[in-house]
There are 2 protein chains.
Amino acid sequence: MTRFGKHPDRDATDLGAEALLGAVADAGIDARVIEAAYCGHVFQGMVMGQRILAQVGLAGLPLSNVENACSSGATAIREASLAVRAGEHDVVVAVGAEHLTSQFRGALTPDPSDPEAAVGATMPGVYAMRARRYMEEFGMTREQLALIPVKNKMNATLNPLAHFHSSITVEDVLESRAIADPLRLHDCSPVTDGAAAVIVMSDSAAKKYANGRAVRLAASTLRSGSVDVEPTSMTFEPLTRDTAQDAYEKAGIGPEDVDFCEVHDCFSIAEVLRVEGLGLFPQGEYPGAVERGEANIGGRLPVNPSGGLLGKGHPLGGTGVAQVVELVRQLRGESGDRQIEGARVGLAHCRGGKAVGIEGAACTVQVLIR
Amino acid sequence: MTRFGKHPDRDATDLGAEALLGAVADAGIDARVIEAAYCGHVFQGMVMGQRILAQVGLAGLPLSNVENACSSGATAIREASLAVRAGEHDVVVAVGAEHLTSQFRGALTPDPSDPEAAVGATMPGVYAMRARRYMEEFGMTREQLALIPVKNKMNATLNPLAHFHSSITVEDVLESRAIADPLRLHDCSPVTDGAAAVIVMSDSAAKKYANGRAVRLAASTLRSGSVDVEPTSMTFEPLTRDTAQDAYEKAGIGPEDVDFCEVHDCFSIAEVLRVEGLGLFPQGEYPGAVERGEANIGGRLPVNPSGGLLGKGHPLGGTGVAQVVELVRQLRGESGDRQIEGARVGLAHCRGGKAVGIEGAACTVQVLIR
């Protein structure tokens, strides 16, 4: 992955090309063995992936651009894995890239024509309501919620590619600018430029090319938001639960087998909703677990060791791919100061589109096993 | 497919939902057997496919939005076929939809930041240069070129779902408003709203659900533009040739086996470049063949019996799917007044993104066999 942050002198194509060539170098392969590509992005315009291929000298390959809002990068990996499983290709690259600072202004809304968004139900507004409701239902304190950005920004100080490198305190969170009460600036993921890429191979190609460094993609599942799975709860995500259930079944594991995870902490409260939706902590218990250090690197179940969206940054299309980059590096034992000892099973979760409601959401869960 | 045309009172979600439900009705299946979906579109914003699913009561399914410029709909079909071949799903819907009249103004450019496009190398400008060059190299007359919109708009009068229903003459073409010399208004595909959907099934699902009405998707291939395959020729498309070659190999046929085709006639000259790139006519010979009626319905090799982009219209994401709808209906013998007798092998071709150049193009070829 590229350095995440603000890159005023670059564009998404350029960042995507750097990530793609980085993945090739990391895999130790000749780029010419790549047979096809998928590119996840949201705001980068037509045929952006094809421009990346042209820039790295791989024009000509089959490439599909995929968009699933904040799950776009993760979806690119899923489609790459399906192309491999179909027997169509043996070596496929999935790249996700976004130059968000140049393409996007203000609070994200899932649908610009949404009348509720126009009057304030933007992403920060909706997650603020969910935070308030969670505090009401489960007694989470504002200070407990602040411990999530504190943890993730601490983790980010150990990640040279993260957007932020300064640790913060609970007081820093509480004193930062109000965004949508009770959420403050440090509760919100930043506007980030960046890209990431992974090489997906068939078993036979991995034997041939991976030099024993491949990590198994045991599951890559995708679901959309539904009136059935998401009735009215602001504090629990059936969509996350069901997408995870699909992944656990495919991977032949349960939540108790997960050693660490990267989850979609677009806001502090989002991390709570996701780890509980994934079944990694019982509902209502995650804030206390964070307070006890259980989600820290070195804790019982490290959450967002990369820094997550809050600390590492959130270039929409790049995010889901960067999560898998973190999983791969952790599972290979290549994560330096933030290494989770003995990690064998990693899980990545993304959720894009509408935060609450019946339509327009996309959720992905990926399980990687050493 | 929906009626193609201007739908000021509707949106892409609504059109996509109509097409999806139409495909379900045509297939005679219960919509609940659909396991996953792909949605091709260009300008419709985040998670549009998920909104379609919600509208038809199928929210919850895995869905990926795919974008490959004018090849977006065709790419959705390719990805659906890969998901089936991977064994991940047995019944997948591919939908393409675009409400172009509300999302888009003026001459299309493949990349708004392209400095050449900013000074006039828009799509009409580039195709005008290609037409001029083709006339120079192969002696095509302006009147011969006009016979292509005359043919396609005549075919469209036989297609109740087409954007245009008025036949035109060579004089009408030559007297229509100048767009980019030598191209005039009738040489250009219109700004169209519309959607189309197809159901892609595994062999076992087709046995169970298709009541003998399934048509075999014998190949669905995709390539990107490349410096290697597209050096400097304005009058021949190596990208189209190579994507077709992949398809012929997969389908086990040659161009001589194709009974009819739908090709990407975004401009009159584009039809010439495509059928020659596909190997269906030798280079330089298509304009004469059109003059002799060989590409008419009832001719040796009917081209764009649906009316093509010029007559049926061109809602970007909807186009590639609608081509396959036409192939299926022709191969089933359900095309009424425009039926091609005895058709057994149909081919569909899309090309999106840059018309000439090394980057940012996507080409698809699909072969369907009765």
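Modeller: Domain bounds here come from an automatic or database domain assignment. This is a predicted model, in which local features need pLDDT of at least 70 and side-chain atom pairs count only at pLDDT 80 or more, while totals for chains, interfaces and linings use all residues. Residues are numbered from 1 along each chain as its sequence is written, and chains are lettered from A and ligands numbered from 1 in the order in which they are written.

For chain A the assignment gives domain 1 as 12-103 + 193-208 and domain 2 as 115-190 + 217-369. Taken over C-alpha atoms, the centres of domain 1 and domain 2 of chain A are 24 Å apart. Their contact takes 28 residues from domain 1 of chain A and 26 residues from domain 2 of chain A; two residues are in contact if their C-beta atoms, placed from the backbone, lie within 7 Å.

On the domain 1 side of chain A, the elements that give two or more residues are helix H3 (72-85), strand S3 (91-99) and strand S6 (193-201). Helices (H or I, at least four residues) and strands (E, at least two) are DSSP runs, numbered from the N terminus. H3(A) gives the most to this side, with 8 residues. By class, the side of domain 1 of chain A that touches domain 2 of chain A has 15 nonpolar, 10 polar and 3 charged residues. Ala, Val, Leu, Ile, Met, Phe, Trp, Tyr, Cys and Pro count as nonpolar, Asp, Glu, Lys and Arg as charged, and the others, Gly among them, as polar.

Another helix of chain A, H2 (residues 48-55), is mostly covered, with 7 of its 8 residues buried. A residue is buried if 20 or more other C-beta atoms, placed from the backbone, lie within 10 Å of its own. Among the buried residues of H2(A) are Met48(A), Arg51(A) and Leu53(A). Gly57(A), which follows H2(A), has a positive phi, near 80 degrees.

Technical notes: Buried ≥ 20, exposed ≤ 12 C-beta atoms within 10 Å, placed from the backbone.
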